[in-house]
Amino acid sequence: MSNNISNKKSIIFLSIILLVVAILYYQTACRTIFVGDTAELSATIFCNGIAHPPGYPLYTTLGFFLTRPIYAFVNKNLIDFAFLSNLYSALLTLGGLIIFFKILLLFAEILFYNNDKYLKNSNQEQSNSFIAQTNNYIIFGVLLTIFIAATSVTLWEQSLITEVYTFEFLLINI
């Protein structure tokens, strides 16, 4: 049996959690401009400009290429560009959560499977059963951690408005 704990079941459950979080973010996202830098960053993304120093050129350029094609095809009376740029922040958070999931699985694999005392067992069938049971607990723990991180107050608040912190969350996880 392979020690790789990233399997189809964990990917399916991660997809379900990310779908729930995406719906949650969409329902609670700010529909217009919010306080702080959101107006400036939304305008900067809209025109592919440069915001105040440090400017965030990668954030604004990526935002421009992800939001402008969508905005070109939607009814301008139904969706405001500020709302679309707020959804861009939510998308960045979801991307960061996917990478965070992979990091947590990698740490769990290193922690549990590179330690020989967990795998030394004279009975191979019991060892495989132990590994399968441990995989389920690890996957559940990692998925719970992802959901808790996604719904934590700070990350949730920053995912609902146009701010660079969600982009930094993605970059830190990369």
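Predicted model: local features only at pLDDT ≥ 70, side-chain atom pairs only at ≥ 80, totals over all residues.
Residues are numbered from 1 along each chain as its sequence is written, and side-chain values use heavy atoms, with hydrogens and water left out.

The overall layout, then. The protein has eight helices and zero strands. Read from the N terminus, its elements run α-α-α-α-α-α-α-α. Helices here are DSSP runs of H or I with at least four residues, strands are runs of E with at least two, and both are numbered from the N terminus. Of the 174 residues in the protein, 39% are buried. Buried means under 20% relative accessible area, exposed means over 50%, and partly exposed is in between, using a 1.4 Å probe and protein chains only.

Now the largest pocket. Its volume is about 170 Å³. The elements that each give two or more residues to its lining are H1, helix H3 (57-73) and helix H4 (81-113). Which element gives the largest share of that lining? H4 does, with six residues. The residues lining the pocket include Tyr25, Thr67, Ile70, Tyr88 and Leu94. By class, the lining has 11 nonpolar residues, one polar and no charged.

On method: the search uses a 1 Å grid over the protein atoms alone, and a pocket is an open set of points with protein on both sides within 12 Å along at least five of seven lines; a cavity is a set where a 1.4 Å probe fits but cannot get out, and lining residues have an atom within 4 Å of a point. Grid points are joined across faces, edges and corners, and the volume is the space filled by probe spheres set on the points.

Over to helix H1. Ser10 belongs to this helix. Is Ser10 buried or exposed? Ser10 is buried, at 0% relative accessible area. Ser10 and Phe140 are 130 residues apart in sequence and 8.4 Å apart in space, C-alpha to C-alpha.

H1 (residues 8-28) also gives the largest share of a nonpolar patch, four residues. The surface patch is formed by Ile12, Phe13, Ile16, Val20 and Phe147, with about 450 Å² of accessible area together. Val20, in helix H1, is partly exposed, with 45% relative accessibility. Patch residues have over 30% relative accessible area and no salt bridge; like charges are joined within 9 Å, and nonpolar side chains (Val, Leu, Ile, Met, Phe, Trp, Tyr) within 5 Å.

Last, some backbone geometry. Most residues other than glycine have a negative phi, and most peptide bonds are trans. Asn48 is not a glycine, yet has a positive phi of about 55 degrees. Asn48 lies in the loop between H2 and H3 and is partly exposed, with a relative accessible area of 32%. The loop between helix H2 (38-47) and H3 also holds Pro54. The peptide bond from Pro53 to Pro54 is cis, with omega near 10 degrees.

Key. Areas by Shrake-Rupley, 256 points an atom, 1.4 Å probe, with all protein chains shown as cover. Salt bridge = Lys/Arg side-chain N within 4 Å of Asp/Glu carboxyl O. Nonpolar A, V, L, I, M, F, W, Y, C, P; charged D, E, K, R; others polar.
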